[in-house]
Amino acid sequence: MIAFGTAVTSVEHYERYAQPGIERASEPDSEVIVQQSMGSLFRNYNLMLDLASELPDLEALVLVHQDTELVDADFCDKARKALADPDVGLVGCAGAVGVRSIAWWEGAVTWASFSHRYDEFGGGDFPAMTWDSSDVPPVAKMGEVDSIDGFLMLLSPWAVRELRFDETLGMLHGYDFDFCCQVRAAGKKVVTADLRAIHNHS
């Protein structure tokens, strides 16, 4: 069973973006954990990990921002394929190698199957480098990375049980890079997969 979790500070954003994507991606037995925001994102995610760790038959936990919409109707199949290697602890739809700080995008981005969407001032989309599957650059490849973008995080059952977000680091930024470092320090892999999503921005 694949579970989905979102920390909500704006019910409007959740109902407009994350909820329809989760409904599209989930299966009949999927659990959805909606956490009304309590303090930092680190804290909210840890509360969701605690709940997910008690779910029987958990195959994965998908953490998405409230402004993230999952696009793939076959998301769960893709998630299972990405986690088929027992050495994989964490999966994202965008990631980079050579990452030295929380600014993961300053490394060499190897995969980014998402699109930025802006609704204001007439709106528009800014697709990342691997959004269009018919026009993937030759340098792009899925696989092991140093860090992923945390707006969409797919955690293995091992990661859900064994790791937690470091609540001493702040309120919002850096949670993804730190969690990736924890996964890799434990000898597991952080990888990218072709999980398509739309990240909505002001």
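A strand here is a DSSP run of E with at least two residues, a helix is a run of H or I with at least four, and both are numbered from the N terminus.

Before going on, this is a predicted model, where local features need pLDDT of at least 70, side-chain atom pairs count only at pLDDT 80 or more, and totals for chains, interfaces and linings use all residues. Residues are numbered from 1 along each chain as its sequence is written, and side-chain values use heavy atoms, leaving out hydrogens and water.

Back to our strands. S6, residues 94–97, pairs with S7 in the antiparallel sense over 4 bridges; pairing requires that DSSP finds at least two bridges between two strands. The open sheet has 3 strands in the order S7-S6-S10, with antiparallel pairing. S7 (108–112) and S10 (147–148) each have a single partner strand, so one side of each is left without a neighbour in the sheet.

Next, His199, which sits in strand S13 (residues 197–201). Is His199 buried or exposed? His199 is buried, at 9% relative accessibility; buried means under 20% relative accessible area, exposed over 50%, and partly exposed in between, using a 1.4 Å probe and protein chains only.

Finally, salt bridges: a side-chain nitrogen of Lys or Arg within 4 Å of a carboxyl oxygen of Asp or Glu. The count comes to 10 by this rule. In one of them, Arg24 meets Glu69 at 3.2 Å, N to O. Arg24 lies in helix H1 (residues 11–25) and Glu69 in strand S4 (residues 68–70), 45 residues apart. Arg24 is partly exposed at 34%, while Glu69 is buried at 14%.
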